[in-house]
Amino acid sequence: MLAIAPNASQIQAEVKQTMIAIPAGFNPQDYLALERQQTMRHEYRYGLVYAMAGGSDDHNEITLNLIECLRPTARDRNCQLFASDVKVSHADRFFYYPDVFITCAVQDRDDRYIKRHPKLIAEVLSPSTEKFDRAQKFEDYQQLVSLEEYLLISTDEIRVELRQRQSDGTWKTTIYRSGDRVFLASIQLEVDLSQIYRGVSWNR
């Protein structure tokens with residue numbers, strides 16, 4: 001296990017951003033070596049390693065529901081669907097564990113642990129990570145030229161935000177609420193929001 005001497009001012013700054021970074025400079029090889037040794041998962045962004053927070057039961061329920069909705073179509077299209085245990089990376093600049101993602105790229109079958117060509121990524125929002133998922137993480141995900149859609153799913157209300165890459169490289173955002181159906185053009189699948197939120201308790 002790698003011991004790291006903490007820097008108090010840096011830890012305080014990262015806490016204010018709602019994500020806690022291990023305060024040391026890592027290269028991608030250091031990070032991957034660290035990750036192989038740890039039982040707790042970490043994400044990597046430009047030399048900083050972030051410990052991942054646990055999720056709620058509603059977060060887990062939504063994630064499982066989404067997997068159930070997407071998996072048959074992914075299989076029919078000879079694509080792969082992954083959930084939270086497989087990393088997504090671009091040029092080793094970042095390594096993230098999306099809640100759910102789909103890749104149809106043949107190249108992504110070569111590495112069992114890291115995928116680099118996803119076409120759909122979904123993040124189920126948590127209070128501790130929502131700001132990061134909406135901003136910095138989306139900024140990084142846009143570097144994935146294969147990515148067509150980014151799905152942000154709220155756990156506080158029935159609200160799904162779909163960001164779609166346009167032909168000119170810009171991104172279009174559409175908000176869906178209770179009673180709506182979201183069409184995922186990347187895999188040609190329409191999903192009723194009631195399926196995504198089935199069984200959610202809305203406990204606070």
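Reply: **Helix α3 and what it packs against**

Helix α3 covers residues 57-76, 20 residues in total. From first C-alpha to last it reaches 29 Å, close to the 28 Å expected at 1.5 Å a residue. The expected span is 1.5 Å times one less than the number of residues. Helices (H or I, at least four residues) and strands (E, at least two) are DSSP runs, numbered from the N terminus.

This is a predicted model: local features need pLDDT of at least 70, side-chain atom pairs count only at pLDDT 80 or more, and totals for chains, interfaces and linings use all residues. Residues are numbered from 1 along each chain as its sequence is written, and side-chain values use heavy atoms, with hydrogens and water left out.

α3 bends by about 35 degrees at Leu70. Pro72, a proline, follows within four residues. The bend is the angle between axes fitted to the seven residues ending at a residue and the seven starting there. Just after α3, Asn78 has a positive phi of about 60 degrees.

Buried residues of α3 include Ile62, Leu66, Ile67, Cys69 and Leu70. (Buried is under 20% relative accessible area, exposed over 50%, partly exposed in between; 1.4 Å probe, protein chains only.)

Now the core. The largest nonpolar core has 26 residues. Such a core is a set of buried Ala, Val, Leu, Ile, Met, Phe, Trp, Tyr and Cys residues joined through side-chain atoms within 4.5 Å. α3 gives the most to it, with six residues. Other elements giving two or more include β10 (149-153), β13 and β14. Leu66, Leu70 and Leu184 are among the residues with the most contacts inside this core.

Leu184 touches Leu70, and also Leu120, Leu151, Leu162 and Val191, among others. That list leaves out residues up to four places away in sequence; contact means heavy atoms within 4.5 Å.

Asp192 is buried at 19%. Arg181 is partly exposed at 41%, and Glu190 is partly exposed at 43%.
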